[in-house]
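Work through the exercises below with the model open. Try each task before you read its solution.

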Amino acid sequence: MRNHRVLPASYMQCAKQFGTPRKITNNQTPQSMKRYVLLLILLFPLMLLAQERFLVDSLSMRMDAAEEDSTKVKILLKLSDTYQNTDFKQSLEYANSALAIANSGKLRLQQARSHKKIADILFRKGLYDRSLDHYLKSKKIFEEEKNHTALVGVEHNMGSIFYRLLEYDKALEHYKVALSMQNKILAMGDSTYYTQHHAFYNSIGNCYNVKKEYEIAKTYFLKALKGAQKFDDKLNLGVIYNNLGKVSMETGKYDESLEYMKLSLQARKAINDKNGMSRSHLFMAEYYRKTGAFQKALDEANIGKDLASEAGSMLSLMEAYQTISQIKKELGDSDGALMAYQKFHAYNDSIINEASVREVTSLQMQYEFDKLEKERQVKQQRKEMIYLFLMAILVLGMIITGLLYGFIKSRAKAISLEKQTLEKDLVLKNQDLEIKNKELTTNVMYLLKKNELITSVSSRLLQLKSQLKQENKEPIQKIIFDLQAGADQDVWEEFELRFQQVHNDYYKKLQERFPNLSPSEVKLCAFLKLNMTSKEISSIIHQSVKSIEVSRSRIRKKLDLTGKDVNLVTFLSEL
């Protein structure tokens with residue numbers, strides 16, 4: 001399988017200086033061409049180192065000139081990135097410095113990015129518990145700040161921790177969550193982090209690979225490879241080619257496996273990824289061991305060991321000595337196998353115990369120191385606040401004592417005046433209400449008299465009508481009808497107008513509490529509030545006393561007073 005990759009900028013710079021390889025002509029021999037290519041291969045790592053040194057110097061100068069904390073944190077994280085493949089210790093120091101500045105400036109997103117960078121470095125060193133702790137801290141901040149794109153990477157890397165801890169189902173769960181989140185972001189039109197897709201596919205493939213579901217694993221690895229080739233992501237290309245080589249080896253396709261391993265090593269050399277190169281050589285050592293080429297396997301394992309030592313990766317060193325021990329055992333070198341195994345065991349213990357304990361102790365001491373310093377500052381601030389508070393009390397005490405008596409006295413006087421005013425207002429309101437009620441009652445009595453007069457006139461006209469000639473009866477009858485119709489309308493309209501002036505919210509309360517009352521029943525309730533008898537109401541609305549009594553019973557039922565010892569008029573008067 002060919003890897004169509006784009007050459008880095010450093011290569012192009014070298015080509016400009018020394019010239020690019022040309023097609024062999026009659027004046028050029030294959031031998032001279034080989035020497036030319038060999039020269040480029042030897043110079044390439046040196047050019048990468050020079051390029052890295054130039055980048056570090058440039059960032060260090062920018063760091064010295066930076067004034068804003070946020071700018072300093074960004075530069076420190078870039079410096080950490082620069083060393084992430086070559087010097088874990090230096091990379092971690094820069095990331096910790098970035099976190100310290102972000103914490104002092106309370107830069108939330110910068111804190112989260114620093115935690116994530118530290119977690120990435122610790123993960124690659126094999127310190128998974130501490131790495132997970134930093135990932136969780138960064139995840140909490142990213143969630144609070146609603147930074148979903150950053151959460152995708154954190155979720156993916158947490159899955160990688162569970163993968164290394166052999167909890168593959170949990171790892172797979174985190175990887176799929178990360179991929180789902182990424183798809184949602186892409187669906188919203190944000191393609192900023194599209195280049196992470198192949199990393200997710202690669203991680204999911206790893207889970208299926210260790211579960212020995214090789215066909216599914218290979219499907220995901222090939223998806224990952226396509227994406228990594230598209231973006232010329234050599235870091236992930238090295239990982240993906242290596243994983244494809246593992247699948248091929250597990251399925252017995254050794255030739256295909258070797259090709260993938262070579263492509264993996266080629267991609268990692270291109271970016272001077274020493275830890276990655278170490279792992280590629282160790283995997284090639286495993287290939288040669290399985291195919292019976294034990295000496296080649298030992299050579300590859302030793303190269304992997306040296307590169308791991310240069311990168312400072314204890315995890316890769318541990319795996320290197322484990323592989324060397326197995327190969328030497330196959331070669332019959334028992335002493336060498338035992339010695340390599342003892343070193344493997346020492347590194348294994350170191351990863352689990354010494355390094356973890358040392359780093360945890362260091363961090364714990366720093367944490368305790370920071371905690372004690374913070375407590376001391378808090379206590380000092382508290383003392384200063386207490387002194388200021390006591391001084392303020394002494395200064396204000398006499399003023400408050402002097403003003404307190406006058407305030408209480410003036411307040412009591414104000415309350416007394418307010419009470420007198422309220423009592424006067426209440427008396428005036430009651431007097432005004434009493435006057436209005438008297439006026440309303442007087443008006444009702446007037447209306448009653450008026451209605452009685454109309455009724456009397458109507459009765460006398462009816463008597464007179466029987467004594468008149470036929471041609472005069474019809475005009476008299478019309479007069480009687482007009483009197484009666486006008487009397488009903490005038491009486492009610494006049495009464496309702498005056499009633500609302502006195503009891504302006506009575507109808508509102510009645511309708512809110514008892515919305516099932518009909519308009520005629522509401523009208524009857526108004527008369528009853530004035531303590532009018534059924535006979536008096538009858539003379540106003542021209543209904544029989546019996547009809548009014550029936551209506552009163554119906555109203556009691558709607559007011560839920562049936563069977564209760566409650567007077568209807570009293571109930572309506574208190575409403």
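Predicted model: local features only at pLDDT ≥ 70, side-chain atom pairs only at ≥ 80, totals over all residues.

Residues are numbered from 1 along each chain as its sequence is written, and side-chain values use heavy atoms, with hydrogens and water left out.

**Exercise 1. The overall picture**

Task: State how many helices and strands the protein has, and what share of its residues is buried.

Solution. 
- Step 1. Helices (H or I, at least four residues) and strands (E, at least two) are DSSP runs, numbered from the N terminus. The protein has 22 helices and 0 strands.
- Step 2. Buried means under 20% relative accessible area, exposed over 50%, and partly exposed in between (1.4 Å probe, protein chains only). Of the 575 residues, 39% are buried.
- Step 3. Contact means heavy atoms within 4.5 Å. Take the contacts between residues at least 6 apart in sequence: 57% of them join residues at least 24 apart.

**Exercise 2. The largest nonpolar core**

Task: Find which residues touch the most other members of the largest nonpolar core.

Solution. 
- Step 1. A nonpolar core is a set of buried Ala, Val, Leu, Ile, Met, Phe, Trp, Tyr and Cys residues joined through side-chain atoms within 4.5 Å.
- Step 2. The largest core has 38 residues; Tyr135, Phe142, Ile161, Met261, Tyr287, Ala301 and Ile327 touch the most other members.
- Step 3. Several helices each supply at least two residues of this core, including helix 5 (108–125), helix 12 (254–270) and helix 16.
- Step 4. Another core lies apart from it, with 29 residues, among them Phe162, Cys207, Leu225 and Ala228.

**Exercise 3. Around helix 9**

Task: Is Ser203 buried or exposed, and which residues does Leu172 touch?

Solution. 
- Step 1. Ser203 sits in helix 9 (residues 197–210). Its relative accessible area is 5%, so Ser203 is buried.
- Step 2. Leaving out residues up to four places away in sequence, Ser203 touches His156, Ser160 and Tyr175.
- Step 3. Leu172 belongs to helix 8 (residues 168–187). Leu172 counts as buried because its relative accessibility is 8%.
- Step 4. With the sequence neighbours up to four places away again left out, Leu172 touches Ile204, Cys207, Tyr208 and Lys211. Leu172 and Cys207 are 35 residues apart in sequence, yet 6.2 Å apart in space, C-alpha to C-alpha.

**Exercise 4. An aromatic pair**

Task: Classify the ring pair of Tyr287 and Tyr288.

Solution. 
- Step 1. Rings of Phe, Tyr and Trp (its six-membered ring) pair if their centres lie within 6.5 Å; planes under 30 degrees apart count as stacked, over 60 as edge-to-face and the rest as tilted.
- Step 2. By this rule there are 12 aromatic pairs. The ring centres of Tyr287 and Tyr288 are 5.1 Å apart and the planes stand at 65 degrees, so the pair is edge-to-face.
- Step 3. Both Tyr287 and Tyr288 are buried.
- Step 4. Tyr201, Tyr208 and Tyr220 form one aromatic cluster.
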